[in-house]
Amino acid sequence: MMNSLNRRMRLMTTSAAMALLLAAAPQAFAATPADTLVEGFAIDDIITLDPGEAFELSTAEVTANTYSKLVNLDMNDTSKVVGELADSWTISDDGLTYTFKLKSGLKFASGNPITAEDVAFSFERAVKLDKSPAFLLTQFGLTGDNVAEKAKAADESTFVLTVDKAYAPSFVLNVLTSTVASIVDKKVVLEHAKAVTPSDEYKYDTDFGNEYLKTGFAGSGPFKIREWRANEVVVLERNDNFFGEKPKLARVIYRHMKESAGQRLALENGDIDVARNLEPGDVDAVTKKDGIATTSAPKGTLYYFSLNQKNEKLAKPEVIEAFKYLVDYDAIGETLIKGIGTIHQTFLPTGQLGALEDKPYKLDVAKAKELLAKAGLADGFTVTMDVRNTQPVTGIAENVQQTLAQAGIKLEIIPGDGKQTLTKYRARQHDIYIGQWGSDYFDPNSNAETFTFNPDNSDEGKNKTLAWRNAWDPKDLTVQTQAALLEKDSAKRAAIYEGLQKEVLASGPFVMLFQQIEVAGYSSKLKGFKLGPSFDTNLVYTISKD
Amino acid sequence: MALMETKTEARRSGARASALAFSLLRFLLTVVTTYLGLLVVTFFIGRVVPIDPALAIVGDRAPAHVVERVREELGLNLPLYQQFVIYIRQALTGDFGTSVLTTNPVMTDIRRVFPATIELATVGTLIGAFFGVPLGVLAAVKRGSFADQIVRIIGLIGYSVPIFWLGLLALVLFYAQLKWVAYPGRVDIVYEYSFTPVTGFFLLDAAMQRQWDVFWDVFRHIILPGALLGYFSLAYISRMTRSFMLNELSQEYIVAARAKGLSETRIIWFHALRNAAVPLITVIALSYAGLLEGSVLTETIFSWPGLGLYITNSLQNADMNAVLGGTIIIGSVFIAINILSDVLYRILDPRTRSR
């Protein structure tokens, strides 16, 4: 008895010793090093870092910090485009030929000089690879067969781009600020290019370094990509050959963290310097903490839900209008998206040419009931909504479910993984889809094209825009959208987009909800941290640490 | 006499040989069917989930023709049975193809992430056995007492509480509030560039290179998920220890030992436990295999870059090659540990040999 008690005592003392050992752990936590920035960021959308292939939000940020382009948005005035590698450019009188003069003495991170040859090669490989973002360049009439002729180096420092129509120059230049127009180091890429067997789908015998650039690097931006481990980390390192102002930090680490609560914990404990995906509750909490600051910037991303016009009930004009009156915009604005979005009801985000700020809709159940009665649906009906299981869309969907119920519409929410809901949406198999849309480039055409352009509404339609996905056939709007592209007078062009927005606001099957405000919580040790106006302008080279 | 004896020996060894052949055959059959089951299940799960792998590769915004092209490249347009044949062929040759997500060959990825899982499961099992065995012994010796009840409750919680819930709770308490342990992950970023792992087992690597600060950092990372896994194996180990010990304590040799006047401590720890140790080895080995397999949730909660997290990520991204590879590896390890514990059991317990 005595002995077993001793045994027990010994066991207990061992556990106590273990606990003490832990308790005695040095409290000085390994804070992030002074020359390293650590951002907590949901980077699970990254599937490749090749600028010719990448088309995801976090990837755009990585490439923006590591690659240079001919031109870029002016960070202080996004309606302007400024030269990055290009010193100057001229546009021919017929509006078809763009001639860019490169700055002198430019170098890639590898040490190789940047020449017009590299620029031409970058365009050629993006067009020939024909990956997701290639349409941005091919919409100017570039094809695998003609790209060598239409995008070519006239001499060492002169690059000439020939487009097929006299587009509005602001449109062409804005497209050239997108990541697909990043300039890659031809020499490095070719060294790593892999031979492939040509096929009907892909008729070239090289992968243009696509496999290498998935994780590798051949750019000239302020930072180099050192490493990317999927769903774990992206590590950037200072590029000492950068032609512009050198970054103050030696290293930037994007650490994959999906949950807002986790980011908040890590930020408060000093394990990360920046938390990028905070939800309203956590934003509130960190603003109250000493040593933590927050910043925000409106982004070009819009949240909306859309009504599939293949559903007969949802196709009735009165029903479409009724849905717009059945959203409690105020409540959503004050709770679910507080600090991370502002109510917005038109399809062009604030900040883009022609964007309208009209907000005619408010929750009005009586009016909605009236409209439903007019449509012969006074008793309501049942409909489904595909909802990705992430915030804030889940919360908004539930909110809308309640307000719709007040008018007798029974909404069944079908939750799913992002890829699940999107697969269904792309196949036009949904009733209602709630989601987000970010402009592909900072020009009104990006959103106008997706919300109002649908030249072929058959299931085989080639242009699978959002209008197509919702089986909406806005005949006149399709024509107007195309016309806007050729309008060189900015004021006139803006007027066309205003008209388009009014049409969609009145009769389009899109219930626009809000425009995203990106929020970041960050350690007040950071100097010069800010978020850019678009998802690919969150630049880190200006940041330093105390 | 001598001749007769040899004959009996020969007969006996012949019977033993055929029994061995039989059990070997049965074992092979088990392995084959287990594998086949694994393959069928992973394949059909991969095809049934409403995630389009092509979409996973090209991303959210790709134009339709790009999605179509990738679908063709992946062979997703082939009839299901053809896809299945390709899948089986891949699995049999040990070539799981390339991971869509990481762009590495799946085997390369697994070689990189698996040591992390083994390290975590080892720490978990050590903790589980270290506390579980004494607790089980205590419960058996004090059968029906308050201590027995306590051990049972500890075990019950370990069995019934979802691991992710307990994990999150532990994180909030030990990381956020008390700041005793480090942020989820394997090692702090501070060390990620100053420390070169050799074996892939960070504790071992750091100790071998005498980088004690790294060792301490790794320890502070592994202790919480390790303790959590340890708790779960403790629940199982303590329960089994209790029942083995009860069995031993009721045996005649214990009565005999008591009659001889041996001290109770000696009887419990040297006689009873020694005999209970044989089946316990199987239990501990099985719980080890269980931790390797069950680390999926723990690794996800603690961002532990092991095989569990790898498979979770791959599943979310419809990266079926990686899912297949990871599943097969875990299945193989599970089978291997089962065999090993079986063999050990036979070696250690003479009774099983003579049967």
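Me: How many residues of chain B are in contact with chain A?
Reply: This is a predicted model, in which local features need pLDDT of at least 70, side-chain atom pairs count only at pLDDT 80 or more, and totals for chains, interfaces and linings use all residues. Residues are numbered from 1 along each chain as its sequence is written, chains are lettered from A in the order in which they are written, and side-chain values use heavy atoms, without hydrogens and water. With contact taken as heavy atoms within 4.5 Å, 60 residues of chain A are touched, and the number on the side of chain B is 52.

Me: What area is buried between chain B and chain A?
Reply: Buried area is the accessible area (1.4 Å probe) that two parts lose on being put together, summed over both. Carbon and sulfur atoms give 58% of the area buried between these chains, and the total is about 5,400 Å².

Me: Which residues of chain B lose the most area to chain A?
Reply: Three residues together account for 15% of what the side of chain B buries. They are Arg61(B), Arg69(B) and Tyr193(B).

Me: Which residue of chain A meets the side chain of Arg69(B) in a salt bridge?
Reply: A salt bridge is a side-chain nitrogen of Lys or Arg within 4 Å of a carboxyl oxygen of Asp or Glu, and the rule finds two across the interface of chain B and chain A. For Arg69(B), the N to O distance is 3.6 Å, and the partner is Asp130(A).
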